[in-house]
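Dear colleague,

Please find the structure below.

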Amino acid sequence: MAATPEQPATTTPRRKAGRHRGEGQWAAGHHTPLNGNEQFKKDDDGLNVRTRIETIYSKRGFDSIDPNDLRGRMRWWGLYTQRKPGIDGGKTAVLEPEELDDTYFMLRVRIDGGRLTTAQLRVIGEISQEYARGTADITDRQNIQLHWIRIEDVPAIWEKLEAVGLSTTEACGDCPRVIIGSPVAGIAADEIVDGTPAVDEIHDRYIGNKEFSNLPRKFKTAISGSPVQDVVHEINDVAFVGVVHPEHGPGFDVWVGGGLSTNPRLAERLGAWVPLDEVPDVWAGVVGIFRDYGYRRLRNRARLKFLMADWGPAKFRQVLEDEYLKRPLTDGPAPEQPSSRWRDHVGVHQQQDGRFYVGFAPRVGRVDGSTLAKIADLAAAHGSDRLRTTVEQKMIILDVAQDQLDSLVAGLEALDFQVRPSPFRRGTMACTGIEFCKLAIVETKARGAALIDELERRLPDFDEPLTINLNGCPNACARIQTADIGLKGQLVLDEDGNQVEGYQVHLGGALGLEAGFGRKVRGLKVTSAELPDYVERVLGRFQEEREDGERFAAWAARASAESLS
């Protein structure tokens, strides 16, 4: 058994053992539901709602949907009600759910490992155009989300998706969500180990399986053997990171207990090396611990990160070995530092087989159905049948011959997808925002796109890697705490005392190199109108004050409050 790994500086301090007795842990015999969510899950498994959608709700319409299905179980099939148009951010926390609900849905298409064929992408594009008013967003978990979905159309959409091997099964809900994976698994020339077989086996064995369909909260998984470390493993519930064991060769280092939202926490290493063929069993053991020992009393303490904060990696590993795997794990090395400051695979890169993959950048993940079809056609015309989505809201076309590269790049740029983007286009990410999300307070997508244009105009020579993440509320879907410049949406006062949309500013967060949550300067808030001026100003000070080779995050950690204001 390995000694307890070192704690990251940003990890929540360990709490005293035994503090959380009576937290609704099944393993402690606490099976009585302690909140409404636990009650509706006990009453009926979320996976069962599909039959009602197909046989009742799609035929009788929105008003026929049981409230526990509408705001609960339907998430197990990728469906959330979206925000009713015209409700401003000041009412988000005031109105009841039924007052915020529109009669339309967001539908999340699950894309494990970010893997798509041209046929699959065309079908998503067709569904977008026929049923979703042309909407489509690439998420930071490799999924594609559609909006304006009517309940009457859901069975037909499922039929079209499943005909090409896609689904929405457990795309949302208290269950194992999409398994994010390296978008260049089995492709990149520098890969340590290809995690694709593990992604596939976990999906085939456990997704849609009632063994893990009632977890305390959502469960996020990442698997990557890339030296770029391209799956944000530090902020997932469980992550398998490619490493080379000095005796056993390539395999995975296991990380547990990461997550953001309003209580951010970095995952911790268990100190264990796992070969590729054992990843699914170890994954199932970790999920089993979460199911059985997770805190079900309060929703805001039900993520795995809270259990890890109380137990620590040594106890977690011991329970995993003794109660779930029934065998010890092999001690192993930590991963090397990421091989690149960019983790998105944008640009032209050679594959193992001598062909090339081409990564390109939409604006803040926003695309549309007709454009998705054009991307599929463009890939096929240049010899490719395979595409990928990334956790940075980007896309990749695989298997391109060298003599097709120039034409493909020109075709992508004609669609306004940059293969050689500015740092602002490449590094800006945004969540759904107030346009569709019932939790949001401010606009994000359009504002992020406009910010990119403005910064490219004002700072055309800026060439440092930089991340700017916009979030519409405090829940951190766009990872604001781990961005160089993280912008948390809230209502603020302008210079005339009027309440307007704006952002709390977080500075100097990072994943990969020196991972941490950065710095929140007291009182540092900007209105939406002031945002381009603020970012231009702070980047100018960074350029003036930085030391040779210093990253923005390192500068922000030491800069004065004046320099950051």
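Which residues in H2 meet which residues in H6? Arg-50, Ile-53, Glu-54 and Ser-58 in H2 meet Val-154, Pro-155, Trp-158 and Glu-162 in H6, where contact means heavy atoms within 4.5 Å. These residues divide into 4 nonpolar, 1 polar and 3 charged.

This is a predicted model, in which local features need pLDDT of at least 70 and side-chain atom pairs count only at pLDDT 80 or more, while totals for chains, interfaces and linings use all residues. Residues are numbered from 1 along each chain as its sequence is written, and side-chain values use heavy atoms, with hydrogens and water left out.

Helices (H or I, at least four residues) and strands (E, at least two) are DSSP runs, numbered from the N terminus. The axes (lines fitted to C-alpha atoms, for helices over the stretch in contact; angles run from 0 to 180 degrees between N-to-C directions) of H2 (residues 49-60) and H6 (residues 154-163) come within 9 Å and cross at roughly 135 degrees. H2 is therefore oblique to H6; angles under 35 degrees count as roughly parallel, over 145 as roughly antiparallel, 65 to 115 as roughly perpendicular and the rest as oblique.

There is also an open sheet of 5 strands, in the order E3-E15-E16-E13-E12, with antiparallel pairing; two strands pair if DSSP finds at least two bridges between them. Its edge strands are E3 (115-117) and E12 (347-350), each pairing on one side only. E12 is joined to E13 (residues 356-360) by 4 bridges, and His-349 stands opposite Tyr-357 in E13.

Notes:
Ala, Val, Leu, Ile, Met, Phe, Trp, Tyr, Cys and Pro count as nonpolar, Asp, Glu, Lys and Arg as charged, and the others, Gly among them, as polar.
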